[in-house]
Amino acid sequence: MRAVVSSLLDPCRRFAGRRAIGLVAACILMVAAPSPVAGQGALETFEIGLSTDRIGITSDFSGTRLVIFGALDNADARILRQQRYDIVVSLVGPRQPVVVRKKERTLGLWINRGSETFNIAPASYALASTRPLSDITRESFRVSLSMGIDDLRLSTNEGGKSHVFLKPETLEIPAPADEDPTLVPNRDEYATALRRIRRERGLYNQTIGSVEFVSATLFRADLQLPADLPVGNHTVRAFLFRNGIFIRQSSEPLLVSKIGFEALVDNFARNHAFLYGLFAVALAIFMGWFGRVVFKRD
Amino acid sequence: MNLYLPIAELSVNLVVLFGMGAAVGFLSGLFGVGGGFLITPLLIFYNIPPAVAVATGANQVIASSFSGALAHYKRGTVDLKLGTVLLIGGAAGSAAGVALFTLLRRIGQLDLVVSLLYVVFLGGVGGLMLVESIQSLRRSNGGSGEIRRSGKHNWIHGLPLKMRFQRSKLFVSVIPVLGIGFLIGTLAGIMGVGGGFIMVPALIYLLRVPTNVVIGTSLFQIIFTAAVTTVLQASTNHTIDVVLAFFLMLGGVIGAQFGAEAGRKLRGDQLRALLALLVLAVALRLGFELVSTPVEPYSTSMPSGEIG
């Protein structure tokens, strides 16, 4: 019980550090007793907190579950009862350029011919939501928020943005995709292949119904992270929708790094590459000699 | 029992790695080859990124060829002078090979070139060996199964810059020796092999080096070619995974001892016929991948060609 309370409190502490004291009070209230829901017209506040700000990859790492807690305050009680609030939580991996190549039959052989580069494709993407994304909101919102595997933005034009920070309380629909070149979702065969490959490897996944309200104001999201979770700076992004309209978002950084022996080897290989090569040679020589000595068969 | 490989960046089964090393070690002990041409394709079949498989294969080759060369050195069947000239060419060749490797990876054609080289060289060498050993098996009734070559001269013996190699009883130009070394070094860089399976026939048929000196000398020079390749791959491509290499070597040195034991019970031409069949099987498997319709025609990589 104690652990539960502390894990519930943890997010509060974290955003208390970032925001004003008023929130601390809100947090305490929220945990101590079901908080009174504010009346209509009040602005919802929406925050998330992580129980950790880093994930370490060790030699036996085989994927993990990331639990994210969040608080939704000043929610409209009526809308809450009707379950018209929707929450989407995603963990967006480091954005790295990726080249997708396509093999074509040439002179009887399958050879890489066409290719396309995606400059901001996240190396991993895990998403949890209260309902299917298509039920939560319309496509134009999903595209402009780069939300969901199928609407994930993979590349930008020159000077483009990876995602658009819509103003809170935006009630009007963002400009249609074809009017703003930076908002064109990637939908060609290469983008589809990239999504398919990463989905099959577990790098991209989304689960519906894995965001649940644990009380009137507190919710938790379960994200499943794959065994080959890429190292680097990840971002947890959470979106709040009311009646299908995007109203709030919140984000938190999360660092994934190799720790222990793996980190040691990786750093050695990258920062002292020549020495590492010599070490690999010395190891091989030793192993060869060792085999000879241990099994004196000739 | 799973283990996360720090450079290949994926989880693999430890027992499978060890078993692979042991199986290849057994075969390399049996046939007196480094085993690079087997370990690299095996790693690729096991989903290790080809770039890491090639580089780490070269690393593993050092261990098995050092072990083998040590035994040959004790028996006095290593021509150090010939080996040194070969490895001068070999070092230059590996530099060229690693540079080519980096370039091919950037343009996305590395896998194709590696597979093609394997098919061409393994197919060619395997085919020739099979024909030769079958002829030898038919001919010999209780012979030693050794390849015998007369002192016939060919065009190679007319080249300038001649050098005397006492142990090999050879007086030959250094140009073809350097050339063979260079070619093997380049292949080692691109294919992650020691090149013994090309070196041995080249020394026997082109330079007329006595068979008993060939394997020891070839192993001796492969240690250095593979070492240069390993260091270059580590510094330019960061593709050597020592954890992967360690478990392969561990399996390899153990398997090699049993392989060498088994090898003593077989005749030379029988061994060569078996090796030829094995080499052809690997070539066929890789060739099949090139012509069969892939399950997933798309692949992804980082712009540098690294697997992302």
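Start with helix α10 of chain B (residues 268-291), where B:Arg285 and B:Glu289 sit 4 residues apart, so about one helical turn separates them. Helices here are DSSP runs of H or I with at least four residues, strands are runs of E with at least two, and both are numbered from the N terminus. The side chains of B:Arg285 and B:Glu289 meet in a salt bridge, 2.6 Å from N to O. By salt bridge we mean a side-chain nitrogen of Lys or Arg within 4 Å of a carboxyl oxygen of Asp or Glu. B:Arg285 is partly exposed at 36% relative accessible area, and B:Glu289 is partly exposed too, at 44%. The labels work like this: buried is under 20% relative accessible area, exposed is over 50%, and partly exposed is in between (1.4 Å probe, protein chains only).

A word on the ground rules: this is a predicted model, where local features need pLDDT of at least 70, side-chain atom pairs count only at pLDDT 80 or more, and totals for chains, interfaces and linings use all residues. Residues are numbered from 1 along each chain as its sequence is written, chains are lettered from A and ligands numbered from 1 in the order in which they are written, and side-chain values use heavy atoms, with hydrogens and water left out.

**Salt bridges**

Over all chains, the count comes to 12 salt bridges. Here are some of them:

| Pair | N to O distance |
|---|---|
| B:Arg285 and B:Glu289 | 2.6 Å |
| B:Glu296 and A:Arg196 | 2.8 Å |
| A:Asp150 and A:Arg199 | 3.2 Å |
| A:Lys258 and A:Asp266 | 3.3 Å |

Take the pair of A:Asp150 and A:Arg199, joined at 3.2 Å. A:Asp150 lies in the loop between α5 (139-145) and α6 (189-200) of chain A, while A:Arg199 is in helix α6, so the pair ties together parts that are 49 residues apart in sequence. A:Asp150 is partly exposed at 42%, and A:Arg199 is partly exposed at 39%. For A:Lys258 and A:Asp266, on the other hand, both residues are buried. Chain A also has a network of salt bridges that links A:Arg65, A:Arg220 and A:Asp222.

**Where the chains meet**

The size of an interface is often given as the accessible area lost when the parts come together. Between chain A and chain B that buried area is about 4,900 Å², with carbon and sulfur atoms giving 63% of it; the figure is the accessible area (1.4 Å probe) that two parts lose on being put together, summed over both. The contact takes 54 residues from chain A and 56 residues from chain B, where contact means heavy atoms within 4.5 Å.

How many salt bridges cross this interface? The rule finds 1, and B:Glu296 and A:Arg196 form a salt bridge of this kind between the two chains.

Two chain B residues give a closer look. B:Ser67, in helix α3 (residues 50-74), counts as buried at 5% relative accessibility. Not counting residues up to four places away in sequence, B:Ser67 touches A:Gly288, A:Arg292 and B:Gln257. B:Val242 lies in helix α9 (residues 242-263) and is buried at 7%. Leaving aside neighbours within four places in sequence, B:Val242 is in contact with A:Val265, A:Tyr276, A:Phe279, A:Ala280 and A:Leu283. The C-alpha atoms of B:Val242 and B:Leu5 are 8.8 Å apart, although 237 residues separate the two along the chain.

**Chain B overall**

Chain B has 10 helices and 5 strands, and 57% of its 308 residues count as buried. One mostly covered piece is α2(B), with 7 of its 10 residues buried, among them B:Phe37, B:Leu38 and B:Ile39. Just after α2(B) comes B:Asn47, with a positive phi of about 70°. Is B:Asn47 buried or exposed? At 64% relative accessibility, B:Asn47 counts as exposed.

Over in chain A, A:Asn74 also has a positive phi, near 55°. A:Asn74 is in the loop between β3 (64-73) and α3 (77-81), and is partly exposed at 32%.
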